[in-house]
Amino acid sequence: MLNHFELFGLPTGFVIDSEALSLRYRELQKAAHPDRFAGSSAQEQRLAVEQASRINEGYRVLKSPLLRARHLLELAGVELDDNATAMEPAFLMQQMELREALASVKSKADPFGALAELREDIEARERVLIDELAAAFDHGGEDALERATGDVRKMQFMSKLLQELDEMEEDLVHL
């Protein structure tokens, strides 16, 4: 079974060509679209649906820096423990501060402005992690994989925080 990079004909690495990914996605989807197999046997139709699903999943993974990094770690034989909670104290303190800032948004005179400012801060921190991941995967080696594993765990925190920020924004819109 091909990994996502092989499926899309892309070199295995953290930094990818987004345009090439999108173009290849459209090509693969067109070739494997279940409607093209409407007159085929039930087995061929099932295989087309499975292939289309695999293409969608591969695109979703490769498009997301977090999921792409996780995939690369898995390909390198690194098992990620999603229940592991040990983190650097400074990072945990930063997370607590960001969560407090998010919790206080509703009490601000301009909650939407506060949310936008917080989003900008979190996204900037996320970009730093993405750069660190790119450097770690580019460098290779055991130390780099350990750094990448830690950065992936940090990105998961940031991703969750951005999700909560989106939910808060949705709540504010409906007030």
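Is Ala148 buried or exposed? Ala148 is buried, with a relative accessible area of 0%. Here buried means under 20% relative accessible area, exposed means over 50%, and partly exposed lies in between (1.4 Å probe, protein chains only).

## Basis of the model

This is a predicted model, in which local features need pLDDT of at least 70, side-chain atom pairs count only at pLDDT 80 or more, and totals for chains, interfaces and linings use all residues. Residues are numbered from 1 along each chain as its sequence is written, and side-chain values use heavy atoms, with hydrogens and water left out.

## Overall form

The chain has seven helices and zero strands. Its pattern along the sequence is α-α-α-α-α-α-α. The radius of gyration is 20 Å, well over the 16 Å that the globule rule gives for 175 residues, so the chain is more spread out than a compact globule. The radius is taken over C-alpha atoms, and the rule is 2.2 Å times the number of residues to the power 0.38. Helices (H or I, at least four residues) and strands (E, at least two) are DSSP runs, numbered from the N terminus.

Along the principal axes, the C-alpha atoms fill a box of roughly 60 × 45 × 30 Å. Buried residues make up 37% of the 175 residues. The chain exposes about 10,800 Å², and carbon and sulfur atoms supply 52% of that area; areas come from the Shrake-Rupley method with a 1.4 Å probe, and for residues only the protein chains shown count as cover. Of the contacts with a separation of 6 or more, 69% are between residues 24 or more positions apart. Contact means heavy atoms within 4.5 Å.

## Helix 2 and helix 3

Two packed helices are described by the angle between their axes and the distance between the axes. The axes of helix 2 (residues 18-32) and helix 3 (residues 42-63) come within 9 Å and cross at roughly 170°. The two helices are therefore roughly antiparallel to each other. On the helix 2 side the contact residues include Leu21, Tyr25 and Leu28, and on the helix 3 side they include Ala48, Ile55 and Tyr59. By class, this contact has nine nonpolar, four polar and one charged residues.

Axes are lines fitted to C-alpha atoms, for helices over the stretch in contact, and angles run from 0 to 180 degrees between N-to-C directions. Angles under 35 degrees count as roughly parallel, over 145 as roughly antiparallel, 65 to 115 as roughly perpendicular and the rest as oblique. Ala, Val, Leu, Ile, Met, Phe, Trp, Tyr, Cys and Pro count as nonpolar, Asp, Glu, Lys and Arg as charged, and the others, Gly among them, as polar.

## Helix 5 and helix 7

Helix 5 (residues 89-103) and helix 7 (residues 141-173) have axes that come within 11 Å and cross at roughly 5°. That makes helix 5 roughly parallel to helix 7. Among the contact residues are Phe91, Leu98 and Arg99 of helix 5, and Phe157, Leu161 and Glu164 of helix 7. The contact residues divide into eight nonpolar, two polar and four charged.

## Two residues of helix 7

Ala148 lies in helix 7. Leaving aside neighbours within four places in sequence, Ala148 is in contact with Leu73, Leu133, Ala136 and Phe137.

Gln156 is also placed in helix 7, and is partly exposed, with a relative accessible area of 24%. With the neighbours within four places in sequence again left out, Gln156 is in contact with Leu66, Arg70 and Asp82. Leu66 is 90 residues from Gln156 along the chain, and their C-alpha atoms are separated by 7.3 Å.
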